[in-house]
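The tour below goes from one selection to the next.

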Amino acid sequence: MRGQVPPPGFESLFETTYVPYAESDVVGTLDLPPLPLLHRVHLVASPAPGLVTVCASAEGWRFLPGGRLEPGESLQRAAERELEEEAGSRPLGPAEVFYSQIATSRAPDPYRAHAPHPVAWWSFAVVRTEVTGAPTCPADGEQIVGVHHLEADAAAAWLQVHDPVHAAVVRLAQHLGHV
(Lines give C-alpha, C1' and ligand atoms only; values in the text may rest on other atoms or scores of the structure.)
Protein backbone atom coordinates (compact mmCIF):
# COMPACT_ATOMS: atom_id res chain seq x y z
CA MET A 1 0.00 0.00 0.00
CA ARG A 2 2.93 2.31 -0.62
CA GLY A 3 3.55 3.30 2.99
CA GLN A 4 -0.02 4.37 3.72
CA VAL A 5 -1.83 3.52 6.91
CA PRO A 6 -5.36 2.28 6.17
CA PRO A 7 -8.14 4.15 7.92
CA PRO A 8 -9.21 2.22 11.03
CA GLY A 9 -11.80 -0.42 10.16
CA PHE A 10 -10.84 -0.52 6.48
CA GLU A 11 -7.72 -2.67 6.65
CA SER A 12 -9.27 -5.41 4.50
CA LEU A 13 -9.54 -3.02 1.53
CA PHE A 14 -5.76 -2.59 1.63
CA GLU A 15 -4.70 -6.24 1.99
CA THR A 16 -3.52 -8.24 -0.99
CA THR A 17 -6.27 -10.60 -2.16
CA TYR A 18 -6.82 -12.82 -5.18
CA VAL A 19 -9.74 -12.07 -7.53
CA PRO A 20 -10.47 -15.34 -9.39
CA TYR A 21 -12.68 -13.96 -12.20
CA ALA A 22 -9.90 -11.53 -13.16
CA GLU A 23 -7.03 -13.95 -12.44
CA SER A 24 -5.42 -11.09 -10.52
CA ASP A 25 -3.87 -10.26 -7.18
CA VAL A 26 -5.14 -6.89 -5.98
CA VAL A 27 -4.02 -4.50 -3.27
CA GLY A 28 -5.73 -1.27 -2.25
CA THR A 29 -4.24 2.20 -2.24
CA LEU A 30 -5.26 5.82 -1.71
CA ASP A 31 -2.76 6.89 -4.39
CA LEU A 32 -4.05 8.40 -7.62
CA PRO A 33 -3.80 6.03 -10.58
CA PRO A 34 -1.21 6.54 -13.30
CA LEU A 35 -3.56 7.23 -16.20
CA PRO A 36 -1.90 4.81 -18.67
CA LEU A 37 -2.61 1.98 -16.18
CA LEU A 38 -6.22 2.92 -15.42
CA HIS A 39 -8.47 0.11 -16.64
CA ARG A 40 -11.72 0.35 -14.66
CA VAL A 41 -13.61 3.01 -12.75
CA HIS A 42 -16.62 2.55 -10.51
CA LEU A 43 -18.52 5.50 -9.14
CA VAL A 44 -19.88 6.43 -5.76
CA ALA A 45 -22.45 8.61 -7.50
CA SER A 46 -24.54 10.95 -5.39
CA PRO A 47 -27.70 12.60 -6.75
CA ALA A 48 -28.28 14.36 -3.38
CA PRO A 49 -26.27 14.80 -0.18
CA GLY A 50 -26.00 11.49 1.66
CA LEU A 51 -27.43 9.40 -1.19
CA VAL A 52 -25.54 6.80 -3.25
CA THR A 53 -26.67 5.33 -6.57
CA VAL A 54 -26.58 1.52 -6.80
CA CYS A 55 -27.54 -0.77 -9.66
CA ALA A 56 -29.02 -4.24 -10.13
CA SER A 57 -28.51 -6.31 -13.28
CA ALA A 58 -30.67 -8.95 -14.92
CA GLU A 59 -28.09 -11.51 -13.73
CA GLY A 60 -28.81 -10.57 -10.11
CA TRP A 61 -25.61 -8.59 -9.53
CA ARG A 62 -25.62 -5.54 -7.25
CA PHE A 63 -22.92 -2.96 -7.89
CA LEU A 64 -21.84 0.65 -8.16
CA PRO A 65 -22.14 2.03 -11.70
CA GLY A 66 -18.92 1.75 -13.65
CA GLY A 67 -16.73 -0.52 -15.70
CA ARG A 68 -13.81 -0.75 -18.10
CA LEU A 69 -12.42 2.18 -20.03
CA GLU A 70 -12.79 1.90 -23.79
CA PRO A 71 -9.71 2.42 -26.03
CA GLY A 72 -8.52 6.02 -25.76
CA GLU A 73 -11.24 6.93 -23.24
CA SER A 74 -10.46 9.28 -20.35
CA LEU A 75 -11.60 8.66 -16.79
CA GLN A 76 -14.11 11.53 -17.08
CA ARG A 77 -15.57 10.25 -20.36
CA ALA A 78 -15.81 6.71 -18.95
CA ALA A 79 -17.64 8.09 -15.89
CA GLU A 80 -20.11 9.95 -18.13
CA ARG A 81 -20.71 6.87 -20.30
CA GLU A 82 -21.09 4.42 -17.42
CA LEU A 83 -23.48 6.72 -15.55
CA GLU A 84 -25.66 7.06 -18.65
CA GLU A 85 -25.57 3.33 -19.48
CA GLU A 86 -26.05 1.92 -15.98
CA ALA A 87 -27.68 4.63 -13.84
CA GLY A 88 -29.59 6.96 -16.17
CA SER A 89 -27.58 9.85 -14.74
CA ARG A 90 -25.05 12.47 -15.75
CA PRO A 91 -22.17 13.94 -13.75
CA LEU A 92 -22.51 17.48 -12.41
CA GLY A 93 -18.76 17.81 -11.96
CA PRO A 94 -15.57 15.82 -12.26
CA ALA A 95 -15.28 12.27 -10.96
CA GLU A 96 -12.59 12.34 -8.26
CA VAL A 97 -10.67 9.13 -7.52
CA PHE A 98 -10.35 8.41 -3.79
CA TYR A 99 -9.41 4.70 -3.72
CA SER A 100 -7.95 2.19 -6.16
CA GLN A 101 -7.00 -1.43 -6.39
CA ILE A 102 -3.75 -2.25 -8.13
CA ALA A 103 -4.38 -5.48 -10.01
CA THR A 104 -1.50 -7.71 -11.07
CA SER A 105 -2.70 -10.33 -13.53
CA ARG A 106 -1.57 -13.93 -13.39
CA ALA A 107 -2.88 -14.45 -16.95
CA PRO A 108 -0.33 -14.56 -19.78
CA ASP A 109 -2.31 -12.14 -21.97
CA PRO A 110 -4.46 -9.06 -21.32
CA TYR A 111 -8.24 -9.45 -21.01
CA ARG A 112 -8.63 -7.07 -23.96
CA ALA A 113 -5.94 -5.96 -26.39
CA HIS A 114 -6.07 -2.33 -25.19
CA ALA A 115 -6.02 -3.21 -21.47
CA PRO A 116 -2.92 -2.48 -19.42
CA HIS A 117 -1.12 -5.74 -18.61
CA PRO A 118 0.08 -7.30 -16.36
CA VAL A 119 -0.56 -4.37 -13.97
CA ALA A 120 -3.79 -2.36 -14.16
CA TRP A 121 -5.58 0.00 -11.79
CA TRP A 122 -9.24 -0.42 -10.85
CA SER A 123 -10.31 2.92 -9.39
CA PHE A 124 -13.27 4.25 -7.45
CA ALA A 125 -14.33 7.87 -7.73
CA VAL A 126 -16.96 10.10 -6.18
CA VAL A 127 -19.15 12.30 -8.33
CA ARG A 128 -22.25 14.42 -7.86
CA THR A 129 -24.95 13.49 -10.36
CA GLU A 130 -28.31 14.35 -11.81
CA VAL A 131 -30.80 11.62 -12.72
CA THR A 132 -31.81 12.12 -16.36
CA GLY A 133 -33.93 9.04 -17.11
CA ALA A 134 -33.64 5.30 -17.48
CA PRO A 135 -30.27 3.58 -18.05
CA THR A 136 -29.48 3.19 -21.75
CA CYS A 137 -28.24 -0.44 -21.30
CA PRO A 138 -26.26 -1.03 -24.52
CA ALA A 139 -26.49 -4.58 -25.86
CA ASP A 140 -22.87 -5.36 -24.95
CA GLY A 141 -23.22 -4.09 -21.37
CA GLU A 142 -25.01 -5.09 -18.21
CA GLN A 143 -28.77 -5.14 -18.56
CA ILE A 144 -29.89 -2.99 -15.66
CA VAL A 145 -33.20 -3.89 -14.04
CA GLY A 146 -33.01 -1.54 -11.06
CA VAL A 147 -31.39 1.74 -10.07
CA HIS A 148 -31.72 2.86 -6.46
CA HIS A 149 -30.64 6.04 -4.71
CA LEU A 150 -30.12 5.04 -1.08
CA GLU A 151 -28.71 6.58 2.07
CA ALA A 152 -25.02 5.61 2.23
CA ASP A 153 -25.48 3.06 5.05
CA ALA A 154 -28.43 1.45 3.26
CA ALA A 155 -26.49 1.41 -0.05
CA ALA A 156 -23.58 -0.38 1.63
CA ALA A 157 -25.91 -2.93 3.24
CA TRP A 158 -27.70 -3.51 -0.10
CA LEU A 159 -24.38 -3.98 -1.96
CA GLN A 160 -23.00 -6.31 0.73
CA VAL A 161 -25.30 -9.09 -0.56
CA HIS A 162 -23.38 -9.45 -3.83
CA ASP A 163 -20.27 -7.29 -3.67
CA PRO A 164 -18.63 -6.79 -0.26
CA VAL A 165 -15.83 -4.75 -1.84
CA HIS A 166 -18.24 -2.19 -3.32
CA ALA A 167 -20.03 -2.09 0.05
CA ALA A 168 -16.75 -1.39 1.85
CA VAL A 169 -15.84 1.27 -0.73
CA VAL A 170 -19.13 3.10 -0.03
CA ARG A 171 -18.34 2.97 3.70
CA LEU A 172 -14.82 4.27 2.98
CA ALA A 173 -16.22 7.15 0.91
CA GLN A 174 -18.53 7.97 3.79
CA HIS A 175 -15.69 7.74 6.32
CA LEU A 176 -13.55 10.09 4.20
CA GLY A 177 -16.40 12.63 4.01
CA HIS A 178 -17.18 12.16 0.32
CA VAL A 179 -20.83 11.13 0.81
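A disulfide is a pair of cysteine sulfur atoms within 2.5 Å. By that criterion, a search of the whole structure, which is a predicted model, finds zero disulfides.

Select Cys55 and Cys137. The cysteine sulfur closest to that of Cys55 belongs to Cys137, and at 9.0 Å it is too far for a bond. Cys137 is likewise in no disulfide. Cys55 is buried, with a relative accessible area of 0%, and Cys137 also counts as buried, at 18% relative accessibility.

Next, select helix H2, residues 152-160. Which of its residues are buried? They are Ala152, Ala155, Ala156, Trp158 and Leu159. These residues lie on the same side of H2, because they cover an arc of only 165° around the axis.

Move to the largest nonpolar core, which has 23 residues. Select Leu13, Val44, Val52, Leu64, Phe98, Tyr99 and Val169, the members with the most contacts inside this core. At least two residues of the core come from each of E4, strand E8 (96-105), strand E9 (119-131), H2 and H3. H3 supplies the largest share, six residues.

Center on Val52. Beyond its neighbours within four places in sequence, Val52 is in contact with several residues, among them Val44, Leu64, His148, His149, Ala152, Ala155 and Val179.

Finally, select Leu43, Phe63, Ala87 and Val97. These belong to a second, separate core of 18 residues.

How values were computed:
Residues are numbered from 1 along each chain as its sequence is written. This is a predicted model: local features need pLDDT of at least 70, side-chain atom pairs count only at pLDDT 80 or more; totals for chains, interfaces and linings use all residues. Side-chain values use heavy atoms; hydrogens and water are left out. Buried means under 20% relative accessible area, exposed over 50%, partly exposed in between (1.4 Å probe, protein chains only). Helices (H or I, at least four residues) and strands (E, at least two) are DSSP runs, numbered from the N terminus. The arc is that of the directions from the helix axis to the C-beta atoms. A nonpolar core is a set of buried Ala, Val, Leu, Ile, Met, Phe, Trp, Tyr and Cys residues joined through side-chain atoms within 4.5 Å. Contact means heavy atoms within 4.5 Å.
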